[in-house]
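Work through the exercises below with the model open beside you. Try each task before you read its solution.

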Amino acid sequence: MKAVLALALALLGDFSSRPPLVDPTRFELLRTAGARSSTLSPAGNVFALYAGNSVTLYDLKQDRETFRLAGHNGNIHDSGWSRDGRLLATSGYDGFVRVWDVSTGKSLAAIAAHAGYACSVTVSPDGKHVATGGSADNTVKVFEISSGRELRSIQAPPGAVFTLGYTGTGRYLIASHADGTLRAWDAGTGLEAKNLTAGAGFVHTYAFTRDGKFLAYPIPDGSLEVLETGTWQEAASLEGHAGGTSYLAFDPGGRFLASTGRDGTVKIWEVATKKMVNALGQGVGDNSRIAFTADGQNIVVTGTDGTLRIFGRKR
């Protein structure tokens, strides 16, 4: 696998650096390898595969499995990464949320978060807080990672909070709820800032630009909505994928949005012009995770078929 994944050594760019210039119009498939994963870190450099009550991490830079993270007393339900990829949070059927240091495998927090299982989880952009959505107690909760102290409990609509994510600035939490709504909650006050979809259907994934100014998510007909998070107004509506969109990722500069779909393709959109500028990889799988590398020069896709695909420009 070392030869196959050598290209991925360039993944580990600095997320705080100036956004790179990206030209995905010329991307094509460069490499494939066997790599099954449950989640993919924001820069595409670490995979997490959870099975039962443990997580196995695979580091592309080291080209090996690094840690097995165990501690939950029930199966793991969801996971979420910090923006820099240094922390992984897991939520479990035991009602606990755990936070892990990916570089050491050390458990940083074990928090009894919910009555019923902990359905969704995310880490704040500054890595100081973890937020989690419940399954039975109708709450979204925010905890301080260092102390495990509960900072805020937000009363959510009845039913599970399926997905949860912070905007780039950390001001808002975006949550999809069992009533079919996608809502923005003010993480500081706990107040609802905006009902984004008003029951249009379950939103299972979304992506933010690095600066937090834009949010993209698929709607049930497969098209993609892009909102400006300052006003929550529509910035673009994109065609998406026939049969539905699976996962999304913005390039580091926020100019391009990449998507995978149930049609087995990867599509790249220029948000400002609302045009698809590239279509890649027939047969990548119908539920494939996707991430731009930190330098923006590659797209990493992990498919349900157990294949890792790296796209970029041939030198």
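Two strands pair if DSSP finds at least two bridges between them. Keep that rule in mind for the first exercise. The model is predicted.

**Exercise 1. Give the strand order of the open sheet formed by four strands, and name the sense of the pairing.**

Solution. 
- Step 1: The order is β2-β3-β4-β5.
- Step 2: The pairing is antiparallel.
- Step 3: β2 (39-40) and β5 (64-70) stand at the edges. Each has a single partner strand, so one side of each lacks a neighbour in the sheet.
- Step 4: Look at one pairing in detail. β4 (residues 54-59) and β5 are joined by six bridges. Within this region, Ser 54 has Ala 70 of β5 as its bridge partner.

**Exercise 2. Trace the pairing of β11 with β10 and with β12.**

Solution. 
- Step 1: Locate β11 at residues 129-134. Five of its six residues are buried.
- Step 2: Take strand β10 (residues 118-123). It runs antiparallel to β11, with five bridges between them. Val 123 is partnered by Val 130 in β11.
- Step 3: Inspect the hairpin of β10 and β11. Five residues lie between the strands, and Gly 127 has a positive phi near 75°.
- Step 4: Move on to strand β12 (residues 139-144). β11 and β12 pair over five bridges, again in the antiparallel sense. Ala 131 stands opposite Val 142 of β12.
- Step 5: Inspect the hairpin of β11 and β12. Four residues separate the strands, and Asn 138 has a positive phi near 55°.

**Exercise 3. Is Thr 181 buried or exposed?**

Solution. 
- Step 1: Find Thr 181 in the loop between β15 (172-177) and β16 (182-186).
- Step 2: Apply the cut-off: buried means under 20% relative accessible area.
- Step 3: The relative accessibility of Thr 181 is 5%, so Thr 181 counts as buried.
- Step 4: Check its side chain. A polar contact of 2.9 Å links the side chains of Thr 181 and Arg 183.

**Exercise 4. Which residues have the most contacts inside the largest nonpolar core?**

Solution. 
- Step 1: The largest nonpolar core has 15 residues.
- Step 2: Those with the most contacts inside it are Phe 27, Val 266, Ile 268, Ile 290, Phe 292, Ile 299 and Phe 311.
- Step 3: β22 (245-250), β23 (256-261), β24 (266-270), β26 (289-292) and β27 (298-302) each give it two or more residues.
- Step 4: Zoom in on Phe 311. Its contacts include Phe 27, Val 266, Leu 280 and Ile 299.
- Step 5: A second, separate core has 13 residues, among them Ala 89, Val 99, Ala 118 and Phe 143.

How values were computed
Residues numbered from 1 in each chain as written. Predicted model: local features only at pLDDT ≥ 70, side-chain atom pairs only at ≥ 80, totals over all residues. Heavy atoms only, no water. Buried < 20%, exposed > 50% of the residue type's maximum accessible area, 1.4 Å probe, protein only. Polar contact = N/O pair within 3.5 Å; in protein donor to acceptor, adjacent residues only side chain to side chain. Core = buried A, V, L, I, M, F, W, Y, C linked by side-chain atoms within 4.5 Å. Contact = heavy atoms within 4.5 Å. Lists of a residue's contacts leave out its neighbours within four places in sequence.
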